[in-house]
Amino acid sequence: MSKKNPEYDFKWCPGCGDFGVRRAIEFAMINRLEETGLPMENNVVVAGIGCSGNLVHLLEGQQPYGFHGIHGRTLPVAMGVKMARPELNVLVVAGDGDFLSIGGEHIGPQAARNLNICAVVMDNGVYGLTKGQSSPTTQLGTVTSSTPYGKIEAEADPLELYLTLGATFIASGFSGQPRELAKLINQGMDHEGFAMVHVQSPCTTYNDTYELMKGNARKGIEPLMYDIPEEHDASDKGAAYNLVQQRGMPVGIIYKDETRPSLQQRVDEIKAKAPRRSVEELMDSFAF
Amino acid sequence: MQMRDFVVRFAGEGGQGVVTSAEGLAQASTQVGYHALTYATFPSQILGGPTWTQARISVDPILSAGDDVDVLVAFNREAYDTHREDVREGGLVIYNSNDFDLEGDDRSYGLPVDELARSTGNNRAANMVIMGALAHLVNMPQAYLEQFVEARFRRGRANDDEIIDSNNLALKLGRDESASSGFSLGDLTPPAMPEYPQIMLKGNEAICLGALAAGLDFYVGYPISPATTILVFMERNLVGEGKFAYQVSSEIESITTILGAGYAGKKAMTATAGPGFSLMSEGLGLGWMAEIPLVVVDVQRGGPATGLPTKTEQSDLLACMYPAHGDVKLPVIAVGTVEECFFGAVKALNWAERYQGPVILMTEMALAERVQNIHRPDLSKVQPERRLVYDGSNGYNRYQGYELSPMPLPGSPGAYVANGSEHDEMGDTTHLPSRHIQMTERRFSKLKLLEENEYEADNADEAVVMMPWGGSKGPALEAYNQLREQNVPVGWYYTMLLSPLPPALLEELKQKELVIVPELNYQGQFSGILRSQGVNAVSITQYTGLPFKVRDLVERITEMTNSHPKEMVRA
């Protein structure tokens, strides 16, 4: 929206992973538009607070609707939009701090409800906008501005967390591969249920993990990233657990359960039993 | 002796039929044309615990639960010990002699409630035994009660007759037993059935009906006393095409979920009590900032923190008037009667749509759980409002200008970012001083759309006036009526529109020597707000967890008018 807006003064640092995620989301929304014929305004991007949330202002080309609210609350806002207007495509974008720390309490309930949205988490393992504090995914022992002698608690494992909480679609991607990432996001959008797309999106200023992700043969660094083998059965939860417990950062679809109905489907089914009464009829029940 | 008014308190253990007895008496009375009001207080536990409910039956419309208890029905000894002192001189105690024995109280008699009920073959008829006994005391015709039994139990079942006969027998046994005690209180004046249609319901139910009448689409909530009954009602009844009601996992989810729904174009609401309201603070600020219509109902209980979950208080006013950090001022409506619960909810939803932002609707425990007969609201007079919706093409600036502008809805042209950061006209984040000035002024300007001169004024030429707010209206009005009968020179003002206050009302109040504000909190919250607006207001405060007694208000106001103006120093 803000490509030609001189008033908007926010910038990502050169090389920030979020550029790639933005590109992937633009690709995904265009793909969707071409596939469904629905206008761009049918998409609603609900953004968190932090570097990642600014994505909603930095999208180029045709503009979707956006919601840039308060820290940590992307999921319940997205639920409000989706359950109010089920025909809309609702996409959440948030960082690891927003989504997993202050917003962590909302993941379990939405997974249990199987809310039909797609959440893209941009994980850089640090609080960037507040200048380099430790986040849930910062590695144990890492020195940051808020952990001057090293991070004290163990790092979160988001993929395992989503699996345990019952997300019905879990994909893992890398910001350096926007085309591939777009495909994962499109599949998350198409999934009838709660879809998590967790993206490694390095922070070049405070936590540059490009080399770790991609490896460096000269320095003898093995890449953490690897493509999920074709034989992986994403419908098998046990196999998904095995995958996320291995060392390294898998890229692709880890888990997909298409058997569970979405929140909307359950609501439609359950509430069909309810008698529909007008206000006048409801008042009759209090008349004497 | 003729009685126009009759107050019964039922006290015992939760589960002993305390509430159903009171509500049964109230229903039986309203069916023949009396007015009725119940006031209930519960223990904060699932089963058992001391509990009591008061029912007031009157020939005239009722304003308060009644200061003086004519009859105490004590289900156990503890209830007798606790409540005996509230029985007026000349009043009576009926105690359940199957539960305990009582000696040395010559204004009491035992009623073998359980035994009499059992003898009808219907153990569940115990309430009817008590109602029969009460009917004798005020010489209420048995036919009134039998009419109630017929209405309640005629449900087209095979054993209807059997059930009705056993209940009528229970009424008779209770009445005969009461008659044999030799006690009587007088003759309750025969009722005059109001000529308008009536409904009988609780304050929270009236809020639900009002919200539905105003076109509510979307409700989410989290269980919390005393707001839970609104969630329960909505889950059951807010159904159908485009409607949604759901229990979410916290009050933070409640507010942020309705923010999403309001943004997406729906009329959205949640209800909570003080602790939940505190959790909604940041979300309310976002609603103000991003300009999203929604309604939050605060059913006040005693506070702070967990406070008194099942007692009444009016101590959330400052929290509602100053609900969030930053430059925020949300509209606040506070209802004072069950009827106002209905119309206040309509107004709250309309205001939210009209000015495109959050509205706070305040009520309180004593109203939420009160059962009262009211004039059935005429739905043809309810005019739901709808926000100004943008229906042009793309390229629109949602936050343009210094005043309200049409709101685009997702799915249609006019895409923008609803932004909780300070933003420019397109909704993009900005830090320019000129923008913060424009947007701040824009947000505050919209409140002007809500200025309405809707208020009550009586004897408005008096220099000293009363102006209660919220649920203290009833006891205050009853006190006012008594004061005027005693020729005490005091006037009356009342509005449920606390912010923005009706401008004409504020002007009138500023001219008064003294504005007396009865309110259930320690700080005198509303009088402080009035003083900040240039009104010489003082509070009569009470912080017992219970509503005002009319007698106390009459005494205090009489004193204040006597000492005024010579001892009063203008603030």
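A: An axis here is a line fitted to C-alpha atoms, for helices over the stretch in contact, and the angle between two axes runs from 0 to 180 degrees between N-to-C directions. The model is a predicted one.

Start with α6 and α9 of chain A. The axes of α6(A) and α9(A) come within 9 Å and cross at roughly 160 degrees. Angles over 145 degrees count as roughly antiparallel, and α6(A) is therefore roughly antiparallel to α9(A). The crossing of these two helices is left-handed. On the α6(A) side, the contact is made by Leu159(A), Glu160(A), Leu163(A) and Thr164(A). On the α9(A) side, Lys237(A), Ala240(A), Tyr241(A), Val244(A) and Gln245(A) take part. Sorted by class, the residues of this contact are five nonpolar, two polar and two charged.

The largest pocket holds about 700 Å³ of space. Its lining has 27 residues, and those nearest the centre are Thr137(A), Gln139(A), Gln200(A), Met213(A) and Leu224(A). Among the elements that give two or more residues to this lining are α6 (158-165) and α9 (237-245) of chain A. The others are β8 (195-200), α8 (210-214) and β10 (249-256) of chain A. The largest share, three residues, comes from α9(A). The lining of the pocket divides into ten nonpolar, 13 polar and four charged residues.

The next pair is also in chain A. Helix α1 (residues 17-36) and helix α7 (residues 178-190) of chain A have axes that come within 8 Å and cross at roughly 50 degrees. These two helices are therefore oblique to each other. The crossing in which α1(A) passes α7(A) is right-handed. From α1(A), the contact includes Gly20(A), Val21(A), Arg23(A), Ala24(A), Ile25(A) and Phe27(A). Further residues of α1(A) in the contact are Ala28(A), Met29(A), Asn31(A), Arg32(A) and Glu35(A). From α7(A), Pro178(A), Arg179(A), Leu181(A), Ala182(A), Ile185(A), Asn186(A), Met189(A) and Asp190(A) take part. This contact has eleven nonpolar, three polar and five charged residues.

Helix α3 (residues 74-84) of chain A and helix α9 (residues 251-263) of chain B have axes 6 Å apart and pack at an angle of about 45 degrees. That angle makes α3(A) oblique to α9(B). The crossing of α3(A) and α9(B) is right-handed. In α3(A), the residues that meet the other helix are Pro76(A), Val77(A), Met79(A), Gly80(A), Val81(A) and Ala84(A). Their partners in α9(B) are Glu253(B), Thr256(B), Thr257(B), Gly260(B), Ala261(B) and Tyr263(B). By class, the contact has seven nonpolar, four polar and one charged residues.

The structure holds four cavities of 30 Å³ or more. Residues of chain B line the largest cavity: Glu364(B), Ala366(B), Leu367(B), Arg370(B), Gly471(B), Ser472(B), Pro475(B), Leu520(B), Pro547(B) and Phe548(B). Six of the lining residues are nonpolar, two are polar and two are charged.

Chain B also has some backbone details to look at. Most residues other than glycine have a negative phi, and most peptide bonds are trans. The peptide bond from Ser225(B) to Pro226(B) is cis, with omega near -5 degrees. Pro226(B) sits in the loop between β10 (218-221) and α8 (228-237) of chain B. A cis peptide bond also runs from Ser499(B) to Pro500(B), with omega near -5 degrees. The place of Pro500(B) is the loop between β21 (497-499) and α17 (503-510) of chain B. Ala305(B) is not a glycine, yet it has a positive phi of about 50 degrees. The loop that holds Ala305(B) lies between β13 (294-300) and α12 (317-321) of chain B.

Technical notes: Residues are numbered from 1 along each chain as its sequence is written. Chains are lettered from A and ligands numbered from 1 in the order in which they are written. This is a predicted model: local features need pLDDT of at least 70, side-chain atom pairs count only at pLDDT 80 or more; totals for chains, interfaces and linings use all residues. Side-chain values use heavy atoms; hydrogens and water are left out. Helices (H or I, at least four residues) and strands (E, at least two) are DSSP runs, numbered from the N terminus. Angles under 35 degrees count as roughly parallel, over 145 as roughly antiparallel, 65 to 115 as roughly perpendicular and the rest as oblique. A crossing is left-handed if the near helix is turned anticlockwise from the far one by less than a right angle, and right-handed if clockwise. Contact means heavy atoms within 4.5 Å. Ala, Val, Leu, Ile, Met, Phe, Trp, Tyr, Cys and Pro count as nonpolar, Asp, Glu, Lys and Arg as charged, and the others, Gly among them, as polar. On a 1 Å grid over the protein atoms alone, a cavity is a set of points where a 1.4 Å probe fits but cannot get out, and a pocket is an open set with protein on both sides within 12 Å along at least five of seven lines; lining residues have an atom within 4 Å of a point. Grid points are joined across faces, edges and corners, and a volume is the space filled by probe spheres set on the points.
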